[in-house]
Amino acid sequence: MKLVKPTIEYKNMWLDYFNEYTKEDNKATPMGYKKEFKYEEWIQRLEKESKGIDLQKGRVPSDVYFMVDQNKIIGAISIRHRVDNDFLLSFGGHIGYGIRPDERNKGYGKQILQLGLIKCKELNINKVLLTCLESNYASNKIITSCGGVFENKIFLDAENDYMNRYWITI
């Protein structure tokens, strides 16, 4: 397994991943990608976001990576370079990740997070904030197994659930 930046070479694999992901949960839009996007334009937007160019309000520099095995995207991860606004500090954190539905419960969540933490270290992010819904038992388990230390939880009316907040020191 490896993390790679999105490029045109991964277009068909990404569209396959996206279609499977959104079929499972039609509310989900992995890594901010939406059906109406053109993949090539999305890649250009990601490149700008990585450099902090033309950021939309509330966004921070970030990098998206695909976790690839042979000819299949297993998952994707977004690493925010900083969490310096209220939304990211309370709900978003440094990292967001997802595993395609047909590859869940195989240890890939832990693997993508571990690889993402290596990328954080390369970005000199030594204390990483991760968040997940309290009802997302798998993600809570992954975060704690990677060294996440629970800080607190915040109730979300819209989800009727709590958002758990963890820190991992690298």
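Start at the turn between β2 and β3: these two strands make a hairpin with 2 residues between them. Click on Q70 in that turn and you'll find a positive phi of about 55°. Keep in mind as you go that this is a predicted model.

β2 covers residues 62-69, and β3 covers residues 72-80. They run antiparallel, with 8 bridges joining them.

Which residue of β4 does G75 stand opposite? That's I99. Further along, select I77, whose bridge partner in β4 is Y97. Altogether, β3 and β4 are joined by 5 bridges and again run antiparallel.

Time to show the whole sheet. There are 4 strands in an open sheet, ordered β1-β2-β3-β4, with antiparallel pairing. The edges are β1 (2-4) and β4 (95-99), each of which pairs on one side only. From one strand to the next, the twist averages 25°. If you want a reminder of what holds such strands together, sheet strands pair through backbone hydrogen bonds.

Next, select residues 11-24, which is helix α1. Helix α1 lies across β2, β3 and β4, and runs at about 85° to β3. While β3 is on screen, color by burial: 8 of its 9 residues are buried, so to speak "mostly covered". Then move to residues 108-122, helix α4. This helix has 15 residues and reaches 21 Å from its first C-alpha to its last, close to the 21 Å expected at 1.5 Å a residue. Show its side chains and look for the buried ones, among them Y108, I112, L113 and L117. Just past the end of α4, select N124, which takes a positive phi of about 60°.

Last stop: the cysteines. How many disulfides does a search of the whole structure find? The count is 0. Select C120, which is in the buried set of α4. Why no bond here? The closest cysteine sulfur, in C146, is 11 Å from the sulfur of C120, too far for a bond, given that a disulfide needs the two sulfurs within 2.5 Å. C132 is in no disulfide either, with the nearest cysteine sulfur, that of C146, 12 Å away. To finish, check burial at both sites: C120 counts as buried because its relative accessibility is 0%, and C132 counts as buried at 5%, the cut-off being under 20%.

Key. Residues numbered from 1 in each chain as written. Predicted model: local features only at pLDDT ≥ 70, side-chain atom pairs only at ≥ 80, totals over all residues. Heavy atoms only, no water. Pairing = 2+ DSSP bridges. Axes fitted to C-alpha atoms, helices over the stretch in contact; angles between N-to-C directions. Contact = heavy atoms within 4.5 Å. Buried < 20%, exposed > 50% of the residue type's maximum accessible area, 1.4 Å probe, protein only. Expected span 1.5 Å × (residues − 1).
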